[in-house]
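Take a look at the structure below.

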Amino acid sequence: MAAPLQLGVIGVGRMGAVHARTISPSPLVDVVAVADTDTAAAAAVAGEIGASPCGSTDHLLDIDGIDAWLIATPTSTHPALVREALAAGLHVLCEKPLSLDLADSSSLGAEASQAGRILQIGFWRRFSPPWATAKRLIDSGAIGRPLMVRLSQWDADPPPASFCDPKASGGLAIDCGVHEFDLAEWITGREVERVTSFTLPLVDQSLAEVGDVDNLVAVLEMGDGVVATVDLSRNCRYDDDVRTEILGEQGAIFVDLLPTGRTRLATSSGIEVVAGSETDDAFGVGIRTQAEAFARAVAGEDIDIPLAVASTRAVATGLAIQQAAATGPVVL
Ligand SMILES: NC(=O)c1ccc[n+]([C@@H]2O[C@H](COP(=O)([O-])OP(=O)(O)OC[C@H]3O[C@@H](n4cnc5c(N)ncnc54)[C@H](O)[C@@H]3O)[C@@H](O)[C@H]2O)c1
């Protein structure tokens, strides 16, 4: 077995702290340092997991032996930090989305390839047992050719309006939607070609000030006639919920996050919970397995991981959805 990946985590706010805590017990990854411009946050998380705290990336670059950075800072900071990592010869696992700018997103992917470094995007659902099982079932032909997909991401409550601001995070269609658009393409193996979308009347009026919405429905027309519907909400109140349903020629696959992560296969033989898909922590297992896949890719294993192009494609779909809500259907 290769030596554990020596990882520095940058940004230990809402998401980065989860990464640092969840990944640190893995035998494949050593979280050796955490960096945050909020030095108290860096010290607190570093103290919890036995890593070195850093107040800046300069300080992080002074630590010997680091192979890679996990970037979990606000989205607008991703491109500069990715470039800083590549310039230092490091591999990168970057939170989604890589960049809100499509040209820059493509360029970052090309720069990583030229540097011979892995630039993986944090689409953790691909690594979480319920969705990984669904993908395996589709690829093995368990329900025949996929025809339609329904993807729901309903969050309990909205983050602050300053975070929802489309200029900061991409807004609902991108910040939340990219996970679903990536799943739609990854699970079906088809690309989004045309989108139609509808935004619903605002629930949280503070979002009007930043120009975001809290509920939307989109129809994604994909290759080979596959159609996906995506519905996103920031106000379901009961919990953060994600559901994915795929209908094929010979049955269906249902992926649930609540009340427990699981995949059900429904065919003419009946409906069964698929062995190996069940987990009561689909998020945590996805986050840890994602980092382990990154470590394996860095070690040279040929493994299916989401690269920059996955983020570029998902952001392009999100931008088209924002436009389509105002203008009608948009061709990608
Ligand atoms: N994959 C997911 O499911 C998921 C969920 C939530 C957030 N995210 C993504 O994670 C990223 C961070 O989101 P968040 O909600 O954790 O944000 P956050 O504001 O809670 O945390 C960001 C942290 O980064 C620090 N920071 C900012 N600039 C920095 C810099 N230049 N160097 C070092 N530290 C810096 C801040 O002090 C803060 O602690 C975003 O890109 C977001 O899209 C992904």
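**Helices side by side**

In this predicted model, the axes of helix 4 (residues 78–87) and helix 5 come within 11 Å and cross at roughly 10°. An angle under 35 degrees counts as roughly parallel, so helix 4 is roughly parallel to helix 5.

*Helix 4 with helix 5*

- Helix 4 brings Pro79, Val82, Arg83 and Leu86 to this contact.
- Helix 5 answers with Asp104, Leu108, Glu111, Ala112 and Ala115.
- By class, the contact of helix 4 with helix 5 has six nonpolar and three charged residues, and no polar ones.

*Helix 6 with helix 8*

- Helix 6 (residues 129–139) packs against helix 8 at an angle of about 35°.
- The axes of helix 6 and helix 8 are 9 Å apart.
- From helix 6, the contact uses Trp131, Ala134, Lys135 and Ile138.
- From helix 8, the contact uses Leu183, Trp186 and Ile187.
- The residues of the contact of helix 6 with helix 8 divide into six nonpolar, no polar and one charged.

*Helix 8 with helix 11*

- Helix 8 (residues 171–188) also meets helix 11 (residues 308–327), and their axes come within 8 Å.
- The two axes cross at roughly 120°.
- Helix 8 and helix 11 are therefore oblique to each other.
- The crossing of helix 8 past helix 11 is right-handed.
- On the helix 8 side, the residues are Ala173, Ile174, Gly177, Val178, Phe181, Asp182 and Glu185.
- On the helix 11 side, they are Ala310, Ser311, Arg313, Ala314, Val315, Thr317, Gly318, Ile321 and Gln322.
- Sorted by class, the residues of the contact of helix 8 with helix 11 are eight nonpolar, five polar and three charged.

**Two domains**

- The protein chain is divided into domain 1 (5–124) and domain 2 (125–286 + 306–331).
- Taken over C-alpha atoms, the centres of domain 1 and domain 2 are separated by 25 Å.
- Their contact takes 19 residues from domain 1 and 23 residues from domain 2.
- On the side of domain 1 that touches domain 2, the elements giving two or more residues are helix 5 (102–115) and strand 6 (119–121).
- Helix 5 gives the most to that side, with six residues.
- The residues of that side of domain 1 divide into 11 nonpolar, seven polar and one charged.

**Backbone exceptions**

- The peptide bond from Lys96 to Pro97 is cis, with omega near -20°.
- Pro97 sits in the loop between strand 5 (91–94) and helix 5.
- The peptide bond from Leu258 to Pro259 is cis too, with omega near -5°.
- Look for Pro259 in the loop between strand 12 (251–256) and strand 13 (262–267).
- Asp224 has a phi near 60°, a positive value in a residue other than glycine.
- Asp224 belongs to the loop between strand 9 (215–222) and strand 10 (227–233).

Technical notes. Residues numbered from 1 in each chain as written. Predicted model: local features only at pLDDT ≥ 70, side-chain atom pairs only at ≥ 80, totals over all residues. Axes fitted to C-alpha atoms, helices over the stretch in contact; angles between N-to-C directions. Helix = DSSP H or I, 4+ residues; strand = E, 2+ residues; numbered from the N terminus. Parallel < 35°, antiparallel > 145°, perpendicular 65-115°, else oblique. Left-handed = near helix turned anticlockwise from the far one by under 90°. Contact = placed C-beta atoms within 7 Å. Nonpolar A, V, L, I, M, F, W, Y, C, P; charged D, E, K, R; others polar. Domains from an automatic or database assignment.
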